[in-house]
Amino acid sequence: MSGSAGLGRAVHGLLVSFPVALFSLGAATDAAFLRTAQIQWSNFSSWAIVGALIFGATAFLWSLIDLARFRRTSLDFLYSGALGAACLLGLVNAFKHSQDGWSSVGAFGFTLSILCCALALIAGALRYSGMLDKEAIR
Amino acid sequence: MIRKSALLCGALGGALALAACGQSEKGINEVGPTPDLPGIRQTLVPPMRIAKPVGWGDETPRAPEGFMVTALATDLRIPRQMLVLPNGDILVAEGRGGGAPALRPKDVIAGVIKKQGNTKVKGGDRITLLRDADGDGRAEVRTIFIDGLNAPYGLAYVDGRIYVAEQDALVSFPYVEGQTRITATPEELTRLPSALNHHWTKALAASADGTTLYVGIGSNSNAGERGMAVEEERAVVWAIDRVTGARRTIARGIRNPTALAIEPSSNALWAVVNERDEIGPQLVPDYLTSVRDGAFYGWPYSYWGQNLDPRVRPQKPELVATAVKPDYALGAHVAALGLSFAREGGFGGAFVEGAFIGEHGSWNRQDLSGYKVAWVPFSGGRPAGEPVDFLTGFLTDKGEARGRPVGVWFDPQRRILLVADDLSNTVWRVAPSGTAPAQ
């Protein structure tokens, strides 16, 4: 493996770490809001989701470029799919969280937060499993 | 039908929601004492339509047949509310307040979008005096009357003193008739709630006997989304003793009372109030109401009486049970910012008894509403009949904004209506044509 490829994989891994952490945080702060009705929890969720989207979407685009450039295994497609789905649902959730008061989360927002969290965890697990980019290395 | 479209909106979301859900439906009466209240429509993206500012060019606002409109003064620095002094001099409060910090990504984005519809001029933080002694519709004297204020808005004159509601305090200045500049240090009557100042304007009116000053204080959020801790003594009207500065809260839950005025036949206090956004293009109607002592007008828990706003948690059912309905709906999102009653016969004809309402105009619906001065006819001190357009032309045929009306002031001595326009930074003067006093 060349140095630049190793650096690229490291940066890609760092990018994915943000949606993993921030979508999880968003689900937790949503739960805190629904339990307490303290609006600051919902505000935290809003920023967490936007942060997750910025880094997650960058990682997703990166993965698409890799898919186009190299022959990949189905695990790579699964990774891209999970990350892309997390970003899509996260975008809807960002708009949901822009509503006011209780409507900023509600059942729909919390459901989206949990789905985003689960999808980001799947993508992260695949990313760090060492099972991706197999074709590219060979 | 409404329910179906609400479901559709929820399913489509995103950009589609903008087009599908921001449009108002025909056949829904938005005005008068018993407006129709369609079901709540929340969308993922609130419908936002900002009328692009284009300026007046050679145009002026359009008044009914028999009236003429002139620009009394231009190039002001965000004119808001006005006051005509006993000698006919006109005071114009200029400024922009607020500046609540952004709490969410939405606040950042919405702020940038809404800015597109406003003037780029910096607020004056001052009061300008205009004098049109010859009655030709142009101010031949123009001075900076009081400078160095903090977002002045409401103005009142009682017994040799000028009262100014700044965004954080009610202050007064001694005044001698004919004076064109005041440099005296302001005397503070009372502080006004100013933390955050999401809605910063402080409306002001003096009671008919001059003993009491009423101040309208807007809410610190759209619908309580900054938490209720910051809403202490917000969305209220205060009655302040003019001598002692002692104050009493006479109305609560009155979201954003942007202008106050005394109805001349009953001497009752009336207000125009801006209601909440983002639950539909035809919710909630802004309103004109008498300010009933001790009344709770619902905000944020309920609207137009006891209709619950589901966004507010925890709810307060025992408080909502006491919520009263306002007197008269002006239409959803019209952003009523000006209120002045005709008095002493008004303009005569169809404009003898009633209220002029300055409507700044909407952002939260696809079909623009407001952007005009409306006339609400009164009879026996109460609204009687449909509102009619008095001053229009603030929008072009393409839905661009030439101007946006704010404060209005009917001057019975000179039989003129003044309208402040904070987009073109103009004060317009409307007078019956052909009746200008001889020079």
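**Entry: helices H2 and H3 of chain A**

I looked up which residues of H2(A) meet H3(A), and found Ile49(A), Val50(A), Ala52(A), Leu53(A), Gly56(A), Ala57(A), Ala59(A), Phe60(A), Ser63(A), Leu64(A) and Leu67(A) on the side of H2(A), against Asp76(A), Phe77(A), Tyr79(A), Ser80(A), Leu83(A), Gly84(A), Ala86(A), Cys87(A), Gly90(A), Leu91(A), Asn93(A) and Ala94(A) of H3(A). Sorted by class, this contact of H2(A) with H3(A) has 16 nonpolar, six polar and one charged residues. I count two residues as in contact if their C-beta atoms, placed from the backbone, lie within 7 Å. For the classes, Ala, Val, Leu, Ile, Met, Phe, Trp, Tyr, Cys and Pro are nonpolar, Asp, Glu, Lys and Arg are charged, and the others, Gly among them, are polar.

I note that this is a predicted model, in which local features need pLDDT of at least 70 and side-chain atom pairs count only at pLDDT 80 or more, while totals for chains, interfaces and linings use all residues. Residues are numbered from 1 along each chain as its sequence is written, and chains are lettered from A and ligands numbered from 1 in the order in which they are written.

For the geometry I find that H2(A) and H3(A) pack at an angle of about 150 degrees with their axes 9 Å apart, which makes H2(A) roughly antiparallel to H3(A). The axes are lines fitted to C-alpha atoms, for helices over the stretch in contact, and the angles run from 0 to 180 degrees between N-to-C directions. Angles under 35 degrees count as roughly parallel, over 145 as roughly antiparallel, 65 to 115 as roughly perpendicular, and the rest as oblique. The crossing of H2(A) and H3(A) is left-handed, a word used if the near helix is turned anticlockwise from the far one by less than a right angle, with right-handed used if clockwise.

**Entry: the other helix pairs of chain A**

I then took helix H1 (residues 3–36) and helix H2 (residues 39–69) of chain A, which pack at about 155 degrees with axes 7 Å apart; that makes H1(A) roughly antiparallel to H2(A). H1(A) passes H2(A) in a left-handed crossing, and the residues of their contact divide into 17 nonpolar, nine polar and one charged.

Helix H3 (residues 74–96) and helix H4 (residues 106–128) of chain A have axes that come within 8 Å and cross at roughly 155 degrees, so that H3(A) is roughly antiparallel to H4(A). H3(A) passes H4(A) in a left-handed crossing, and the contact includes Leu75(A), Leu78(A) and Leu89(A) of H3(A) and Phe108(A), Leu112(A) and Leu119(A) of H4(A). By class I read 18 nonpolar, four polar and two charged residues for this contact of H3(A) with H4(A).

**Entry: chain A overall, and its record**

I find five helices and zero strands in chain A, and its C-alpha trace spans about 55 × 25 × 20 Å along the principal axes. Helices (H or I, at least four residues) and strands (E, at least two) are DSSP runs, numbered from the N terminus.

UniProt, in an unreviewed entry, places "domain: DUF2231" at residues 9–126 of chain A; over that span the chain is 87% helix and 0% strand, with end C-alpha atoms 13 Å apart. UniProt also places "transmembrane region" (unreviewed entry) at residues 44–65, 77–95 and 107–128 of chain A. Residues 44–65 of chain A are 100% helix, with end C-alpha atoms 32 Å apart, and residues 107–128 of chain A are 100% helix, with end C-alpha atoms 32 Å apart. I keep in mind that such annotations may be inferred rather than shown by experiment.

In chain B I traced an open antiparallel sheet of five strands in the order S1-S21-S17-S16-S15, where strand S1 (31–32) and strand S15 (257–262) are the edge strands and pair on one side only. Two strands pair if DSSP finds at least two bridges between them. Strand S17 (residues 285–290) and strand S21 (residues 328–332) of chain B run antiparallel and are joined by four bridges, and Leu288(B) stands opposite Tyr328(B) in S21(B).

I also traced an open antiparallel sheet of four strands, S7-S8-S9-S10, in chain B. Strands S7 (154–158) and S10 (187–191) of chain B stand at its edges, each with a single partner strand, so one side of each is left without a neighbour in the sheet. Its neighbouring strands are turned by 20 degrees against each other on average, direction ignored. Strand S8 (residues 161–165) and strand S9 (residues 169–174) of chain B pair over five bridges in the antiparallel sense, with Tyr163(B) opposite Ser172(B) in S9(B).

Last, I looked up the contact between the chains: 21 residues of chain B are in contact with 15 residues of chain A, and those on the side of chain B divide into eight nonpolar, six polar and seven charged.
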